[in-house]
Amino acid sequence: MTSPLREARSRETAIPVHLTEPSGAREWDRRHVLDLDDFSVSEIEQVLETADAMKEVLARDVPRAPALRGTTIVTLFYEASTRTRASFELAGKVLGADVINLTASGSSVEKGESLIDTVRTLRAIGAHVLIMRHPMSGAPYLAASHGDARVVNAGDGWHAHPTQGLLDLYTLRNHIGSLAGKRVVIVGDVTHSRVARSDIWGLSKLGAEVVVCGPPTLLPAELGRDHEDGLPLVTVETDFDKAVQGADAVMTLRLQQERMTGGLLPSLREYSRLYQVNEARMEKARPGAPVLHPGPINEGVEISAAVAHGARSLIEEQVTNGVAVRMALLYLMRGLK
Amino acid sequence: MTSPLREARSRETAIPVHLTEPSGAREWDRRHVLDLDDFSVSEIEQVLETADAMKEVLARDVPRAPALRGTTIVTLFYEASTRTRASFELAGKVLGADVINLTASGSSVEKGESLIDTVRTLRAIGAHVLIMRHPMSGAPYLAASHGDARVVNAGDGWHAHPTQGLLDLYTLRNHIGSLAGKRVVIVGDVTHSRVARSDIWGLSKLGAEVVVCGPPTLLPAELGRDHEDGLPLVTVETDFDKAVQGADAVMTLRLQQERMTGGLLPSLREYSRLYQVNEARMEKARPGAPVLHPGPINEGVEISAAVAHGARSLIEEQVTNGVAVRMALLYLMRGLK
Amino acid sequence: MTSPLREARSRETAIPVHLTEPSGAREWDRRHVLDLDDFSVSEIEQVLETADAMKEVLARDVPRAPALRGTTIVTLFYEASTRTRASFELAGKVLGADVINLTASGSSVEKGESLIDTVRTLRAIGAHVLIMRHPMSGAPYLAASHGDARVVNAGDGWHAHPTQGLLDLYTLRNHIGSLAGKRVVIVGDVTHSRVARSDIWGLSKLGAEVVVCGPPTLLPAELGRDHEDGLPLVTVETDFDKAVQGADAVMTLRLQQERMTGGLLPSLREYSRLYQVNEARMEKARPGAPVLHPGPINEGVEISAAVAHGARSLIEEQVTNGVAVRMALLYLMRGLK
């Protein structure tokens, strides 16, 4: 007799076949995902293709495919997070991994344990993959260079948020096709945005024309000036109405409210008047041009309610795709010691 | 060769048969559990019967029945909790669901994300069921009306705690049989008690005579006065010695210590002298009348140690039944999209 | 057709046979692990042998052996911890148990619930095993004596940390063989160290000669003076250069930085000059004598970087063994009601 559960189990077993039998040429040998700056175009393509297969898994009646059974994933978050931590946790669990969550509060971190010591300890405990968010730029690099756990950067300071970059590429491409030659505008507080930096890397690698826009006080001075901060060359435009002209897509950044206190912005009202992504402005973009936002949104500040919840908005789709993209990375990294 | 594990697996597979083959008439179509005010008697009965089956599961050697494999449950708690959160988490895990825990601290909530945005995000991540506790009355309703996750209210402000209400009904009925015509006294700080409100709804629906008792400062003014706050008509009695006369059961409420500072009570001693549930008072109730308390108890304040740990006390049984009742709800809601 | 997953499942099913068929003489009947003071030598041996089998499990491709499926473990931590909590959580998950984590913040503890009430509640919810850390010495004893959950002490005040003691014994014995007659030096802040107390018990039971060393202000006055505080008789030596002479192993304790403020130490520099475990001092020990530390280390304070990361250091191995030893205990306790 075949029980429904047994059927569910066999259904959940199978990973789509093109993933289980990858061609030799497409082997994956990247042990850490720290930023997109050193990703090859081929690696990015492989992640996006694998994410397609993962979306198939997530669309099943029993959306589980325990290819990572026996794998221990530790999320180590030194900053608050809902969506990113939960997204990684679910990605791991869908693939059958065990996930252990550690946050700065309630951990040895409070005892002043060094980051390197923490990472070595977690590896010694048996963590195979370390998902790490840290307020200091570069912290995940330190983690990756000590001990042999595989490290995924879930956001470090203002520096990088590579899985957000990948899910943005994935979402964008599903809507506007190949990014080569497409005009993509990133608008907002670029200086303090790790999302912006990872997006710039990813978009540039896939051949998009990246236009960066925001008040001069929130744009890195060196941007667009001959790779001085190592970022790819982008177009800088402080007038959003000009920037959005003919855009194929607009990526909105979250305006951190705490920037106000730093004197970098005269007022929220001023910011909204000049840089809010709203329908009037989106009219100047290509017809149907989509709008992305990494969330959480400040409705009515950097984005209007109508756009955030309207037909152009890919915001919820970004969240959904985030699980698939993170599953893809965890799956691709599975064989690496 | 049959391994012990395989046997354990097949044993754990089966849900008692009357649950797997429900009669068509008993289909469940409630997507959210927000309060008991809109539960039909038939729905309450169905939960209590299903809870019986779940207790069978919990009594097994391997108390697991993964009927919810592939289901993602998120607990979203904006208030401290031991028993309720752990009870839901275990209920989910016993049924094979994956459970992701989020608390207000350590989540995007700290970034000022709106509740609606959080709920939409969690749904987009893949949460099927959202178990939510919030200090503001009505918050779970907001959550239920945005996005399509199934929402279970695990306590909202002073408003409702429906799973506590259901487990109280279940526990009570196991001890005193049908509640129709039974005199059930709810004693304590009714004004600030979401447990009291859900108990009043549940008890009234099942035909009990509800007597509400406490100091006038801790009783809602409109209680017993013609449905003014929407609650069913109950008997109000500020003299506990009168209220307990002939009672079939007494439900004690926790006295929130912080009420003292609000000037609503002269002193703990005064409160205990007049309203403590102790043996002397319980002598006036029907012989063997049981005492319930939602916990955690203030021993020696609203309840004496002798009663709390004596033969009348159903306190630990309430906790145990809580898991079965929550399993029942999660199980009944499983098929709803 | 045999799927890879099915193979993984059958591989993970088997516990090494000498564990599944224990001789009758080796039955385990200890329901709680509170300290090592009342462990028999035979019990210690049984834990260490079982830990060997657990290391075999951890070395597999799919390091999972779900012998505890259906078991609910609750970790209840009233103090910060990374390694101990994660180690127990992983130990439980490797064996297929469900693990629910509770911390003091975010739990009913904030509502002033008594420890006994919390423990009873968790047992009533269905917790089979309670892993508990508490700042008050003796708290796990209180937990063990109320309700019938099995209790494992994961550290209580300055009193005991028995699983650390057992993993230290296990690690040490893997490196220097039988401990009978071996000279083992424990150096540091013994007064405030629960690790030291459990190590003293464990080492003494296995016949080691225990030398305790540290500044007089950080040594319990009664140590070495005829069992006054109940600990076994040890040698006390305030001069570390003498203590380390001919030592077979050195166990370093963490120097709690907060001790400085208590006026117990003149300065970190002074402490390091006299008591730091460094290569120069270790030259006086037996050739190759290993160094242990419970972590997290204060590099350059109680231990030099060269020793901590050098060939003598067993620090990471201790962490790894910690998972195996905790699995062993959970496995041995599995049958107890």
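**View 1. The two domains of chain A bury about 2,600 Å² between them, and carbon and sulfur atoms give 62% of that area.** Buried area here is the accessible area (1.4 Å probe) that two parts lose on being put together, summed over both. On the domain 1 side, 30% of the area buried against domain 2 of chain A is supplied by A:Leu36, A:Trp158 and A:His161, more than by any other three residues. Domain 1 of chain A covers 4-161 + 319-334 and domain 2 covers 162-315, with bounds from an automatic or database domain assignment. Please keep in mind that this is a predicted model, in which local features need pLDDT of at least 70 and side-chain atom pairs count only at pLDDT 80 or more, while totals for chains, interfaces and linings use all residues. Residues are numbered from 1 along each chain as its sequence is written, chains are lettered from A in the order in which they are written, and side-chain values use heavy atoms, leaving out hydrogens and water.

**View 2. Contacts across the domain boundary of chain A involve 35 residues of domain 1 and 27 residues of domain 2.** Contact means heavy atoms within 4.5 Å. Between these domains of chain A, 15 residue pairs are in polar contact (both at pLDDT 80 or more); such a contact is a pair of N or O atoms within 3.5 Å, where within protein one must be able to donate a hydrogen and the other to accept it, and residues adjacent in sequence count only if both atoms are side-chain atoms. Helix 3 (41-58) and strand 4 (150-156) of chain A are among the elements that each supply at least two residues of the domain 1 side. Helix 3 of chain A gives the largest share, eight residues. Helices (H or I, at least four residues) and strands (E, at least two) are DSSP runs, numbered from the N terminus.

**View 3. Two salt bridges are counted between domain 1 and domain 2 of chain A.** A salt bridge is a side-chain nitrogen of Lys or Arg within 4 Å of a carboxyl oxygen of Asp or Glu. A:Glu79 pairs in this way with A:Arg194, their closest N and O atoms being 3.0 Å apart. For another salt bridge, look at A:Glu270 and A:Arg273 (3.7 Å, N to O). Both A:Glu270 and A:Arg273 belong to helix 10 (residues 268-275) of chain A, three residues apart, about one turn of the helix.

**View 4. Five strands of chain B form an open sheet in the order 7-6-5-8-9, with parallel pairing.** Strand 7 (235-237) and strand 9 (291-292) of chain B are the edge strands, each pairing on one side only. Two strands pair if DSSP finds at least two bridges between them; strand 5 (residues 183-187) and strand 6 (residues 209-213) of chain B have five. Opposite B:Ile186 you will find B:Val212, in strand 6 of chain B.

**View 5. A cis peptide bond runs from B:Gly295 to B:Pro296, with omega near -10 degrees.** B:Pro296 sits in the loop between strand 9 and helix 12 (305-308) of chain B.
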